[in-house]
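Take a look at the model below. The report that follows goes through it part by part.

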Amino acid sequence: MDTKKRFKLGDFITKITKMLGIPHCLRCEKRRVILNDLQESGLQETIRKLKDCCK
């Protein structure tokens, strides 16, 4: 079991947008999943995935 706590950027952004009253959509969900995987994928791969996520 991985004892390190992962920072989930996607979840963090989702919480902030919810607090601001910005509605969640399917595109937001795709971005959330991609951003949560940032630590494993790396920055370059994450950026590539984000460019292609909502086409």
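## Lys8, ahead of the helices

Lys8 sits in the segment before H1. This is a predicted model, in which local features need pLDDT of at least 70, side-chain atom pairs count only at pLDDT 80 or more, and totals for chains, interfaces and linings use all residues. Residues are numbered from 1 along each chain as its sequence is written, and side-chain values use heavy atoms, with hydrogens and water left out.

Lys8 counts as partly exposed, because its relative accessibility is 39%. Here buried means under 20% relative accessible area, exposed means over 50%, and partly exposed lies in between (1.4 Å probe, protein chains only). Lys8 and Ile47 are 39 residues apart in sequence. Their C-alpha atoms are 16 Å apart in space.

## The chain as a whole

The chain has 4 helices and 0 strands. Its pattern along the sequence is α-α-α-α. Helices (H or I, at least four residues) and strands (E, at least two) are DSSP runs, numbered from the N terminus.

The C-alpha trace spans about 35 × 25 × 15 Å along its principal axes. Of the 55 residues in the chain, 11% are buried. The accessible surface is about 4800 Å², and 61% of it belongs to carbon and sulfur atoms. Such areas come from the Shrake-Rupley method with a 1.4 Å probe; for residues, only the protein chains shown count as cover. Among contacts between residues at least 6 apart in sequence, 42% join residues at least 24 apart.

## H1 against H2

Two packed helices are described by the angle between their axes and the distance between the axes. The axes of H1 and H2 come within 6 Å and cross at roughly 140 degrees. H1 is therefore oblique to H2. Leu9, Gly10, Asp11, Ile13 and Thr14 of H1 make this contact with Arg32, Leu35 and Asn36 of H2. By class, these residues divide into 3 nonpolar, 3 polar and 2 charged.

The terms need their limits. Axes are lines fitted to C-alpha atoms, for helices over the stretch in contact, and angles run from 0 to 180 degrees between N-to-C directions. Angles under 35 degrees count as roughly parallel, over 145 as roughly antiparallel, 65 to 115 as roughly perpendicular, and the rest as oblique. Ala, Val, Leu, Ile, Met, Phe, Trp, Tyr, Cys and Pro count as nonpolar; Asp, Glu, Lys and Arg as charged; the others, Gly among them, as polar.

## H2 against H4

Helix H2 covers residues 26-36, and helix H4 covers residues 43-52. Their axes come within 10 Å and cross at roughly 170 degrees. H2 and H4 are therefore roughly antiparallel to each other. Arg31, Ile34 and Leu35 in H2 meet Thr46, Lys49 and Leu50 in H4. This contact of H2 with H4 has 3 nonpolar, 1 polar and 2 charged residues.

Thr46 belongs to helix H4. Thr46 counts as buried because its relative accessibility is 2%. Leaving out residues up to four places away in sequence, Thr46 touches Ile34, Leu35, Leu38 and Ser41.

## Asn36 and the buried part of H2

Which residues of H2 are buried? They are Ile34, Leu35 and Asn36. Their cover includes helix H1 (9-19), helix H3 (38-41) and H4.

Asn36 is found in helix H2. Its relative accessible area is 10%, so Asn36 is buried. The side chains of Asn36 and Asp11 are joined by a polar contact of 3.0 Å. A polar contact is a pair of N or O atoms within 3.5 Å; within protein, one must be able to donate a hydrogen and the other to accept it, and residues adjacent in sequence count only if both atoms are side-chain atoms. Asn36 touches Arg6, Lys8, Leu9, Gly10 and Asp11, not counting residues up to four places away in sequence.

## Two exposed leucines

Leu20 lies in the loop between H1 and H2. With 62% relative accessibility, Leu20 counts as exposed. Leu20 and Lys49 are 29 residues apart along the chain, and their C-alpha atoms are separated by 26 Å.

Leu26 is in helix H2. Leu26 counts as exposed, at 62% relative accessibility. Leu26 and Cys54 are 28 residues apart in sequence and 9.1 Å apart in space, C-alpha to C-alpha.

How values were computed:
Contact means heavy atoms within 4.5 Å.
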